Amino acid sequence: MVGSLVAISFGTVFVLVNSGGLAAPWPLVVRVAGLLVAALLLVGVFRVARRETPAPAQEAAGFMDRRYWLVVALEAVALFGGLSVINNVLDRPEVAVAWVAVVVGVHFFGLAAVWRMPRYHWLGAVMTALGVAGFLVHALGGSAATVGLVSGVGCGAALFATVALALRDATTPRRTA
């Protein structure tokens, strides 16, 4: 549940922050759609959580693991170090979201290993690819708004999709062989 709430929160931030550069009326359309999806996912998460046997100690323990904090520390160093170079040295703030997508995507590979969650390998691959795609869009002359759409809104959608898949798995009866 905690992971789903974090994914919904960051997915919403990715969508809201990175849709603003689009031509009207698209920022409003994308933001409203993102908020609607986030609200629906929240309802789903709370319904599943209410139905399930509570196990908060187990999930919370994952956040106390030293390996988790190592992944987060490395992510923070890469994120802020890279953003400093992108913004202050290269003067290319239009690709900042592409960098964020790459770093956050790569961090999911570490989380997948720490928490033994194979789905995070897929999420990491998708988010990293969306970040790289944002750099390519920029290199090919695309606007900052297009980079934001591909790398930012795309990553928000990937986070939302991951939560939706987790909810599907939690509500689908398991077959026994």
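A contact is counted where heavy atoms lie within 4.5 Å. Among contacts in the chain between residues at least 6 apart in sequence, 69% join residues at least 24 apart. The model is a predicted one, in which local features need pLDDT of at least 70 and side-chain atom pairs count only at pLDDT 80 or more, while totals for chains, interfaces and linings use all residues. Residues are numbered from 1 along each chain as its sequence is written, and side-chain values use heavy atoms, with hydrogens and water left out.

The secondary structure of the chain amounts to seven helices and zero strands, where helices (H or I, at least four residues) and strands (E, at least two) are DSSP runs numbered from the N terminus. In sequence order the pattern reads α-α-α-α-α-α-α. The C-alpha trace spans about 50 × 40 × 30 Å along its principal axes. The radius of gyration, taken over C-alpha atoms, is compared with a globule rule of 2.2 Å times the number of residues to the power 0.38. For 177 residues a compact globule would have a value near 16 Å, and the 17 Å of the chain agrees with this.

Accessible areas were computed by the Shrake-Rupley method with a 1.4 Å probe; for residues, only the protein chains shown count as cover. The accessible surface of the chain is about 10400 Å², and 71% of this area belongs to carbon and sulfur atoms. Of the 177 residues, 37% count as buried; buried denotes under 20% relative accessible area, exposed over 50%, and partly exposed the range in between.

The unreviewed UniProt entry annotates residues 33-49, 69-90, 96-115, 122-141 and 147-167 as "transmembrane region". Such annotations may be inferred rather than shown by experiment; positions are given in the numbering used here and feature names are shortened. In the model, residues 33-49 are 100% helix and 0% strand, with the end C-alpha atoms 24 Å apart. Residues 96-115 are likewise 100% helix and 0% strand, and their end C-alpha atoms lie 28 Å apart.

Three salt bridges are present in the structure, a salt bridge being a side-chain nitrogen of Lys or Arg within 4 Å of a carboxyl oxygen of Asp or Glu. One of them joins the side chains of Arg119 and Asp169, at 2.4 Å from N to O. Arg119 belongs to helix H6 (residues 119-139) and Asp169 to helix H7 (residues 144-171), so the pair ties together parts that are 50 residues apart in sequence. Asp169 also forms a salt bridge with Arg168, the closest N and O atoms being 2.9 Å apart. Another salt bridge is formed by the side chains of Arg67 and Asp65, at 2.6 Å from N to O; Arg67 is partly exposed at 41%.

A nonpolar surface patch of about 250 Å² is made by Met1, Leu42 and Phe46. Patches comprise residues with over 30% relative accessible area and no salt bridge, with like charges joined within 9 Å and nonpolar side chains (Val, Leu, Ile, Met, Phe, Trp, Tyr) within 5 Å. Phe46 is located in helix H2 (residues 26-51) and is partly exposed, with a relative accessible area of 44%.

How values were computed. Buried means under 20% relative accessible area, exposed over 50%, partly exposed in between (1.4 Å probe, protein chains only).
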